[in-house]
Amino acid sequence: MKSRLTRFFLILTWFHVIMISAQSTEERVFDVDSLRKDVEGYVRFLASDNLMGRDTGSEGLEKAAVFIEEVFKQNGVSAYFETYRDAFEAVGVKTQNIVGFIEGNDRELAKEFVILGAHYDHIGAAKKVGEDVVANGANDNAAGVAAVLAMSKYYAENKSNKRSVLFVLFGAEEKGLLGSEHLSNKLKNKGVDLYAMINFEMIGVPLKGRTYKAYITGYEISNMAEKLNKYAGQELIGFLPKAKEFNLFKRSDNYPFYKEFGVPCQTISTFDFTNYQYYHHVNDEVSKLDFVHMANIIYDCTTAIKKLVNTQTKEIQLNVSQK
């Protein structure tokens, strides 16, 4: 009897060890509610009055930069350069991009890079409403920054990416895409093999009356929308005629990378010109955003992008007419 009990407990212990081992190697996935809380926390800090609208060269933008660096450090995201800061000068003042890095885990594919980006600067002040002049920039673009920070946390926890990923928060976007122009040139000169760049801009409120959840700028230049939808297993990304009409493809931080590298570099957004009336307005506040929507968009995009960074071949390509 004693021998049987001993064998039973040995088998039970062995099974417990196997289960723990399996759990330790299992990929962690987003809990959407925890993701929502993280995203809301990021946006509340970045769009607070204390940061005074994050204008280029301002004390508020410096506070935002320090905050982003701390999030990267806490989540185990490495600096790509000697520090997280990629310094440059814009409109006569010193500023910086903030660049995090998670190296790919495949010896060959790690030589290829994917960039996930968003700009973290804003315009500082805008036309006074009541006593308020601070343009907090909650949707433009603390929302996009929150997406990049949340994704960096996911990849830092899982380290499941075969390709290397740069998480870039751009400075001086509002001054004419100066941060992305600086970094794209720097990475090109460094010889980086860029596979694709995905930028996030104004994702704080849902689209109205669309079958898809977000749109991509430059829809026709590549098969990125098609592939992201396939990877996500749903109609996640669609075509917004207004985006083409207003040439949004050339008005966000994706464009300098497209010019330098000639590869798919596009922006994902949910701002459709009818669903948010506070562009460059002092009422672009945290209270106007839908954090459940944001968490779901970020979750779905992460589902798609984790396949993008792991495919054995570069499945996302420019359309023939764009090459």
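Helix α4 is followed by K159, whose phi is positive, near 50 degrees; helices here are DSSP runs of H or I with at least four residues, numbered from the N terminus. The structure is a predicted model, in which local features need pLDDT of at least 70, side-chain atom pairs count only at pLDDT 80 or more, and totals for chains, interfaces and linings use all residues. Residues are numbered from 1 along each chain as its sequence is written, and side-chain values use heavy atoms, with hydrogens and water left out.

Helix α4 covers residues 138-158. Of the 21 residues of α4, 19 are buried, meaning under 20% relative accessible area with a 1.4 Å probe and protein chains only.

Rings of Phe, Tyr and Trp (its six-membered ring) count as a pair if their centres lie within 6.5 Å; planes under 30 degrees apart are stacked, over 60 edge-to-face, and the rest tilted. By this rule there are 19 aromatic pairs. The pair of Y80 and F81 is edge-to-face because the ring centres are 5.0 Å apart and the planes stand at 70 degrees. Y80 counts as buried at 16% relative accessibility, and F81 at 18%. Y276 and Y278 also form an edge-to-face pair, at 5.4 Å centre to centre and 85 degrees between the planes.

A charge sits over a ring if NZ of Lys or CZ of Arg is within 6 Å of the ring centre and within 35 degrees of the ring normal. K186 lies over the face of F81, 4.1 Å from the ring centre.

Terms used
Buried < 20%, exposed > 50% of the residue type's maximum accessible area, 1.4 Å probe, protein only. Helix = DSSP H or I, 4+ residues; strand = E, 2+ residues; numbered from the N terminus. Expected span 1.5 Å × (residues − 1).
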